[in-house]
Amino acid sequence: MLNGKTILLIIGGGIAAFKSLDLIRRLREEGVRVIPVLTKAAEEFVTPLSVSALAAEKVYRDLFDLTDEAEMGHIELSRAADLVVVSPATADLLGKMANGLANDLASTLLMATDTPVLAAPAMNVRMWEHPACQRNVAQLAADGIHFVGPEKGMMACGEFGPGRLSETPDIIGAIRAVLTDGPLKGKHILVTSGPTHEPIDPVRYIANRSSGAQGTAIAKALRDLGATVSFVTGPADVPPPRGVKVIPVETAKEMKDAVEAALPCDAAVFAAAVADWRVASESGSKIKKVKGELPVLTFAENPDILAGVSQMEQGRPTLVVGFAAETDDVISHATAKRKRKGCDWIVANDVSPSTGIMGGSENAVVLITERGADEWPRMGKEEVARQLAHRIADHLTQV
Ligand code: CTP
């Protein structure tokens, strides 16, 4: 989807500038042409040679370079791309952008461009939280500048808090969201996927056979229609999709916390096979084998994440989609489950071993809505995902 696009990448002068090398490499893997621009300060952190080598392009550095002006003037350069990405966007660059300063090549390009701009801020936490910086960010957001991050975490300077540059896949996800023009553009959709692992002790756990294939395919299909996707996944067999925000979890409780942290969203699809129970008697140390004795496990009920979100009194997503894995009376059980949990739709499937659906590549689903049951023919999980994503898009664009 990014294949054939051109990005003007403005690299600011911060410790996170080195991460722009990874960003260039990954964007090129996706078929993107990256035209790099280095600020003077950025050259203290990355060399023009390494940037140029990775981008396979000339690096633009100076406003008053007459050779560059003869080759490609700064106005032309600022408009040669589908998107301008500023990464890392330092406090200084954000300040210049917000106040219309144009005293070097990077700030001049940002003033002269008529293409969308995405900024990935990175700086010390105190600088990010400073009222001056927050004023600038609010002004830039009002001017239509897109933002990704910053993330919370340990900083290079040893402090903790918001200010870390977003991870490369998240920046690419944000780029995709800005450049995609699908029916779900501007919509935030949450997808849960995969199994959960419920620990017995530090080395043993209880799990299920979910591979995460259906949830992953749904996240991809929603992304391809332009949605911004938060993907909360248990330990799955299949790798998470690119271009979505991946939040890895292990247990049902962690999944619930991650889902709550990812809200609000326009729609939520609960494809995860969440363990209904966890081991209440979880041992902090490895349970030892004692001759003649069998360990006794006691269980506690896990929170029902789907029911919790479906029954939210405030901030409920417009559309909540649950899954039902059944082995008999699929339609009647799933219809009852839709009512009991309070979700809008249920995607029901027969997971009897003879169907080969759980862990397999195909699925035969019944979509249960307020209008009744719609049986879909057996098809690949990718195709189920595409059709479901289109139904979701139709629903969200109608309401
Ligand atoms: N689900 C959830 N949290 C749980 C259990 C399930 O969010 N603790 C979600 C699943 O992601 C799925 C739906 O609920 O979307 C159906 O889960 P399922 O286990 O089939 O339903 P149960 O309510 O557990 O009913 P039963 O076990 O009786 O089939």
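**Pockets, salt bridges and backbone features of the predicted model**

Sorted by class, the lining of the second largest pocket comprises 16 nonpolar, 9 polar and 8 charged residues, where Ala, Val, Leu, Ile, Met, Phe, Trp, Tyr, Cys and Pro are counted as nonpolar, Asp, Glu, Lys and Arg as charged, and the others, Gly among them, as polar. The structure is a predicted model, in which local features need a pLDDT of at least 70 and side-chain atom pairs count only at pLDDT 80 or more, whereas totals for chains, interfaces and linings use all residues. Residues are numbered from 1 along each chain as its sequence is written, and side-chain values use heavy atoms, with hydrogens and water left out.

The volume of the second largest pocket is about 750 Å³. Pockets were located on a 1 Å grid over the protein atoms alone, a pocket being an open set of points with protein on both sides within 12 Å along at least five of seven lines, in contrast to a cavity, where a 1.4 Å probe fits but cannot get out; lining residues have an atom within 4 Å of a point. Grid points are joined across faces, edges and corners, and the volume is the space filled by probe spheres set on the points. The second largest pocket is lined by 33 residues, and those nearest its centre are V148, G149, E151, D170 and K245. Two or more lining residues are contributed by each of β5 (146-147), β6 (151-154), α9 (168-179), β11 (228-233), β12 (245-248) and α11 (252-262), with helices (H or I, at least four residues) and strands (E, at least two) taken as DSSP runs numbered from the N terminus. Helix α9 supplies the largest share of this lining, with 7 residues. At least three lining residues come from each of domain 1 (6-179) and domain 2 (188-398), the bounds of which come from an automatic or database domain assignment.

The largest pocket has a volume of about 980 Å³. Its lining consists of 42 residues, of which A272, A273, V274, D276 and A325 are the closest to the centre. The elements giving two or more residues to the lining of this largest pocket are α10 (213-224), β15 (299-301), α12 (305-310), β16 (319-326) and α13 (330-341). By class, 21 residues of the lining of the largest pocket are nonpolar, 13 are polar and 8 are charged.

In total, 21 salt bridges were counted, a salt bridge being a side-chain nitrogen of Lys or Arg within 4 Å of a carboxyl oxygen of Asp or Glu. One of these pairs R164 with E167, whose closest N and O atoms are 3.5 Å apart. Both residues of this pair count as partly exposed, R164 with a relative accessible area of 27% and E167 at 39%, on a scale where buried means under 20% relative accessible area, exposed over 50% and partly exposed in between (1.4 Å probe, protein chains only).

A further salt bridge joins the side chains of D344 and R316, with an N to O distance of 3.1 Å. D344 is placed in the loop between α13 and β17 (345-350) and R316 in the loop between α12 and β16, so the pair ties together parts that are 28 residues apart in sequence. R316 is partly exposed, at 26% relative accessibility.

The side chains of E326 and K337 also meet in a salt bridge, at 2.7 Å from N to O. This pair links distant parts of the chain, with E326 in strand β16 and K337 in helix α13, 11 residues apart. E326 is buried, its relative accessible area being 9%, and K337 likewise counts as buried, at 15%.

Turning to the backbone, a cis peptide bond with an omega of about -5 degrees joins S87 and P88, and P88 belongs to strand β3 (residues 83-89). A cis peptide bond is also found between G149 and P150, where omega is about 5 degrees; P150 lies in the loop between β5 and β6, and G149 is among the residues that lie nearest the centre of the second largest pocket.

D329 lies in the loop between β16 and α13 and is exposed, with a relative accessibility of 52%.
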